[in-house]
Amino acid sequence: MNQKLIAKSNFVLSQVLNSEDSLDILQDFIEAILKIKIEEIKLNNHKGENVVTSKNFGIADVRIKTEDKKEMNVGIQIIDGKYIQTKLLLYYAQVHNFQLKSNGKIAKTITINILNDNCYKTYCYHQKITLKNKEPSFEEEKIELHIIELLKFQPIFLHQLNKEEQWITYLKGQYVEEIERVKRMNYKINKLDKLVDKYWKDEVIE
């Protein structure tokens, strides 16, 4: 993983992305991974809750409205270590349940889970896992988890990366020249990189 993010990865990114000024970065990333166009996006506010919040369990979760007027909650987290499947489901439950306090109504929940380890046997680095109720009326409430395994990502044409590949290249952070290339390709990635640099510059070691 990108060495700027390797220590306290969820915490570092939660500090720089949980602000109104960073919503454009979150939007660009979500659109790239989910292949959707977002019309509106806002942070889900969990302040004051006596529970684990997105700032220490995940990066951020947002409420979005797509161009076709569908509302969704989207949560983003980085996972490493043991019990990956359990962490996937716990985070999904957190994001889905917190929306009641943030928005007052239920919408479909999607989580984007970035893994710094290989967990599944497939060679594909991006998987979509869905579980849905057999009742037709629950079609829009199906569970949807996106799993991205960074170690499996191997770009072939670095000068022709699509947006998803640009983001995964940055998060994987294997080579400095690749990171610099995607920063030139994508303004939002460059903006995030500057925010992360500023975080580490301002970080006080206690």
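Tutor: Let's start with a definition: two strands pair if DSSP finds at least two bridges between them. Strands (E, at least two residues) and helices (H or I, at least four) are themselves DSSP runs, numbered from the N terminus. What you see above is a predicted model, in which local features need pLDDT of at least 70 and side-chain atom pairs count only at pLDDT 80 or more, while totals for chains, interfaces and linings use all residues. Residues are numbered from 1 along each chain as its sequence is written, and side-chain values use heavy atoms, with hydrogens and water left out.

Student: How many helices and strands does the protein have?

Tutor: There are 6 helices and 6 strands. Read from the N terminus, the elements run α-α-β-β-β-α-β-β-β-α-α-α.

Student: What is the order of the strands in the sheet?

Tutor: In general, strands of a sheet pair through backbone hydrogen bonds, either parallel or antiparallel. Here the pairing is mixed, in an open sheet of 6 strands with the order E1-E2-E3-E4-E6-E5. Strands E1 (38-43) and E5 (126-131) stand at the edges with a single partner strand each, so one side of each has no neighbour in the sheet. On average, neighbouring strands are turned by 25 degrees against each other, direction ignored.

Student: In which sense do E2 and E3 pair?

Tutor: E2 (residues 60-66) and E3 (residues 71-79) are antiparallel, with 6 bridges. Valine 62 stands opposite valine 74 in E3, and arginine 63 stands opposite asparagine 73. The hairpin has 4 residues between its strands, and lysine 69 there takes a positive phi near 70 degrees. With E4, E3 pairs in the parallel sense over 8 bridges; asparagine 73 has threonine 109 in E4 as its bridge partner.

Student: How many residues of E3 are buried?

Tutor: Buried means under 20% relative accessible area, exposed over 50%, and partly exposed in between (1.4 Å probe, protein chains only). In E3, 8 of the 9 residues are buried, so the strand is largely enclosed by the rest of the structure. Across the protein, 48% of the 206 residues are buried.

Student: Is glutamine 127 buried or exposed?

Tutor: Glutamine 127, found in strand E5, is buried, with a relative accessible area of 19%. Leaving aside residues up to four places away in sequence, glutamine 127 touches Tyr120, Thr122, Leu145, His146, Ile147 and Glu149, where contact means heavy atoms within 4.5 Å.

Student: At what angle do helix H2 and helix H4 pack?

Tutor: Two packed helices are described by the angle between their axes and the distance between the axes. The axes are lines fitted to C-alpha atoms, for helices over the stretch in contact, and angles run from 0 to 180 degrees between N-to-C directions. For H2 (residues 23-34) and H4 (residues 163-172), the angle is about 115 degrees, with the axes 8 Å apart.

Student: Which residues in H2 and H4 meet?

Tutor: Ile25, Asp28, Phe29, Ala32 and Ile33 in H2 meet Lys163, Glu164, Trp167, Ile168 and Leu171 in H4. These divide into 7 nonpolar, no polar and 3 charged. For that count, Ala, Val, Leu, Ile, Met, Phe, Trp, Tyr, Cys and Pro are nonpolar, Asp, Glu, Lys and Arg charged, and the others, Gly among them, polar.
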